[in-house]
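These are my notebook entries on a structure that I went through entry by entry.

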Amino acid sequence: LRYSCRMVKNLKVKESPLWLQKKIESIGQKSINNIVDAANFIMHDYGHPMHTFDYNKISSKEIEIRIAKNNEEIVTLDSQKRILKNEQLLICDGDKNIALAGVMGSHDSEITKSTKDVLIECAYFDPIKIRQGSKKVDLSTESSKRFERDTDIENMINALNNLTSIIAELGEG
């Protein structure tokens, strides 16, 4: 496990510029906003999934990575309540779950039009752990597929720096 973060503050969440919308659509994805689209663009460019959180929704301003408790719940970005087992890896903020690690973020920390500060996560997770976690909740995502097939731990910081730069530029942060 390796976990790195960056922050971009005082940004504007808005529609992505046309060039980014076209890139996102050309890889079969739907444009969401400038922040999420940038993360998806870099994921496809570097092959390394990253996640963006609304920093102001992280209650303790700390990140904890832990194993889920049996029957613990998370509402993922697709608005589905998922019941977890004690083998699944979670990203938490001390008070609540903010992501099912390597699979999907939580509805409670998603980027919205009112987001002003973004925490960008770039991690290396054990491929077997992510595959098990994904299968337990029957949720396969672009992110989980890449983590299951292994990602380049040595290229994490390059990908993170590039995404941070793009988000700062596109969001005027």
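**Entry 1: cysteines.** I looked up Cys 122 and found its sulfur 9.1 Å from the closest cysteine sulfur, that of Cys 5, which is too far for a bond. A disulfide is counted here as a pair of cysteine sulfur atoms within 2.5 Å. By this rule I count 0 disulfides. Cys 122 is buried, with a relative accessible area of 0%, whereas Cys 5 is partly exposed at 28%. The classes are buried under 20% relative accessible area, exposed over 50% and partly exposed in between, with a 1.4 Å probe and protein chains only.

**Entry 2: basis.** I note that this is a predicted model, in which local features need pLDDT of at least 70 and side-chain atom pairs count only at pLDDT 80 or more, while totals for chains, interfaces and linings use all residues. Residues are numbered from 1 along each chain as its sequence is written, and side-chain values use heavy atoms, with hydrogens and water left out.

**Entry 3: the open sheet.** I traced an open sheet of 4 strands in the order S3-S6-S7-S8, with antiparallel pairing. Its edge strands, S3 (64–67) and S8 (104–105), each pair on one side only. Strands (E, at least two residues) and helices (H or I, at least four) are DSSP runs numbered from the N terminus, and two strands pair if DSSP finds at least two bridges between them. S3 pairs with S6 (residues 89–92) in the antiparallel sense over 4 bridges, and Arg 66 stands opposite Leu 90 in S6.

**Entry 4: Gly 105.** I placed Gly 105 in strand S8. Gly 105 is buried, with a relative accessible area of 2%.

**Entry 5: strand S2.** Which way do the residues of S2 point? I found Met 50, Thr 52 and Asp 54 pointing one way and His 51 and Phe 53 the other way, all of them buried. In a regular strand the side chains alternate between the two faces of the sheet. S2 is joined to S9 by 5 bridges, and the two run antiparallel. Thr 52 stands opposite Ile 120 in S9.

**Entry 6: nonpolar core.** I then looked up the largest nonpolar core, which has 24 residues; among those with the most contacts inside it are Leu 11, Met 50, Ile 120 and Leu 163. H1 (18–26), H2, S9 (118–124) and H5 (156–170) each give two or more residues to this core. The largest share, 7 residues, comes from H5. Such a core is a set of buried Ala, Val, Leu, Ile, Met, Phe, Trp, Tyr and Cys residues joined through side-chain atoms within 4.5 Å.

**Entry 7: largest pocket.** How much space lies in the largest pocket? I recorded about 830 Å³. Of its 31 lining residues, the closest to the centre are Ile 32, Val 36, Asn 40, His 51 and Leu 77. A pocket is an open set of points on a 1 Å grid over the protein atoms alone, where a 1.4 Å probe fits, with protein on both sides within 12 Å along at least five of seven lines; lining residues have an atom within 4 Å of a point. The volume is the space filled by probe spheres set on the points. H2 gives the most to the lining, with 4 residues.
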